[in-house]
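Please look over the sequence and the model shown here before reading on. The report below starts with a detail of strand pairing and then widens to the whole chain.

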Amino acid sequence: MRTLTTTEALADFCAEARKGPYVTIDTEFLRERTYYAKLCLVQLAIAGDGEAVLMDPLADGLSMEPLYELFRDTSVVKVFHAARQDLEIFFVEGKVFPEPLFDTQVAAMVCGFGEQVGYETLVRKIAKAQLDKTSRFTDWSRRPLSDAQKNYALADVTHLRVIYEFLAEKLEENGRSKWLVEELSALTDSETYIVRPDEAWRRVKTRTNSGKFMAHVRELARFREGYAQSNNVPRSRVFKDDALLELASTKPKNPGDLGRSRLLLREARKGAIADGILSAVKTAGEIKPEDYPKVESTGQKMQVDPALADLLRVLLKAKSESAGVAQKLIATAAELDRIAAGLRDVRALNGWRAEVFGDDALRLCEGELGLAAKAGRVEVIRL
């Protein structure tokens, strides 16, 4: 179990990895006490039966640039499982995305292994092996790492080679490689990982769309996000959503008002956080009605035909089973409701989804297609 702790050792390994068609990659990190993930370990395995190593990003003097050079080498496929958090770490730290990318979780969904299938399941079904998960929740920032931790970490990239080769071959056989490329495009879009304080209010769930109330939500969420990013602390450590909504409702004007809050953390009732809250409330109170946040229309305002929505759900199930693709990968319940309401700006009506489901969904809405039960299955009938 070799651990790379110098830039030179990492560069030598990456040079060897670039001779193969692919390399498998995984990370271990901590995020419970920080806004940005703290990268603690990177696991890498060369194609086939090549060497698998651990890379210690916490080692003094180690530069990750050789790894980033490997990421930029488009002749080598970079294979991950459930890559989103890994990619966010590399984007934040190195402003780089692995290219080309292969995500075995997404590929497995396209190949009919179910929705958001876990790595352990794929190891069992494809690699015919079992994983020891006892080290899953250990502190990866502590040194030295135990042999159990190292074995656990390496298993996340060694079995991944078998899984990748199986899924890549299956995608070629069923002609769905382009589907995967389409799905992964969002993962290598920098906008996926950029959280702007000005837009943070859109993620706060509220029960009212009152313009004045939402103005307070926006300013409080803006302050919280900016503070969390600047101080690298989780936004919940600044104040949680329920406290944010309470503040937007009570509109505190001074420290005494903050002291009467039921939900605000004690640490947030003084110092920089308290000052930021009072400033945000003051700013929100000075906003003119014409400048209040514009809340997008919700599903409740759509004129959804419930019977048509139910038919679309049946069609989706039939199409999913026929194509061997997870239902939620094709369309969500909210997307079906939008289609039933006559809206057409829906992901399920574009790209490969249109081929599998979307085109027939529109035909069903137009009365050009029917559904029938036959021999325990749902059949699609052209009318």
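## Strand S4 and its partners

In this predicted model, Leu4 stands opposite Met55, a residue of strand S4. That position belongs to the pairing of strand S1, residues 3–4, with S4, in which the two strands run in the parallel sense and are joined by two bridges. Strand S4 also pairs with strand S3, which covers residues 38–46, but here the strands run antiparallel and four bridges join them. Within this second pairing, Ala45 stands opposite Ala52 of S4.

S3 and S4 form a hairpin with five residues between the strands, and in this hairpin Gly48 takes a positive phi near 70°. Strand S4 itself, residues 52–55, is covered on both faces, with Ala52 and Leu54 buried on one side and Val53 and Met55 buried on the other.

Is Arg176 buried or exposed? With a relative accessible area of 12%, Arg176 counts as buried, because the cut-off for that class is under 20%. Arg176 is placed in the loop that lies between helix H6, residues 147–173, and helix H7, residues 177–184.

When residues up to four places away in sequence are not counted, Arg176 touches Val110, Leu171, Ala323, Gly324 and Val325. Ala107 is 69 residues from Arg176 along the chain, and the C-alpha atoms of these two residues are separated by 9.2 Å.

## An annotated region

The UniProt record, in an unreviewed entry, lists residues 210–291 as "domain: HRDC".

## The chain as a whole

The secondary structure of the protein comes to 16 helices and eight strands, and its C-alpha trace spans about 70 × 65 × 35 Å along the principal axes. Of the 383 residues, 45% count as buried. Among contacts between residues at least 6 apart in sequence, 62% join residues that are at least 24 apart.

The accessible surface of the protein comes to about 19900 Å², and carbon and sulfur atoms account for 48% of that area.

Terms used
Residues are numbered from 1 along each chain as its sequence is written. This is a predicted model: local features need pLDDT of at least 70, side-chain atom pairs count only at pLDDT 80 or more; totals for chains, interfaces and linings use all residues. Side-chain values use heavy atoms; hydrogens and water are left out. Buried means under 20% relative accessible area, exposed over 50%, partly exposed in between (1.4 Å probe, protein chains only). Contact means heavy atoms within 4.5 Å. Accessible areas come from the Shrake-Rupley method with a 1.4 Å probe; for residues, only the protein chains shown count as cover. UniProt positions are given in the numbering used here, feature names are shortened, and annotations may be inferred rather than shown by experiment. Two strands pair if DSSP finds at least two bridges between them.
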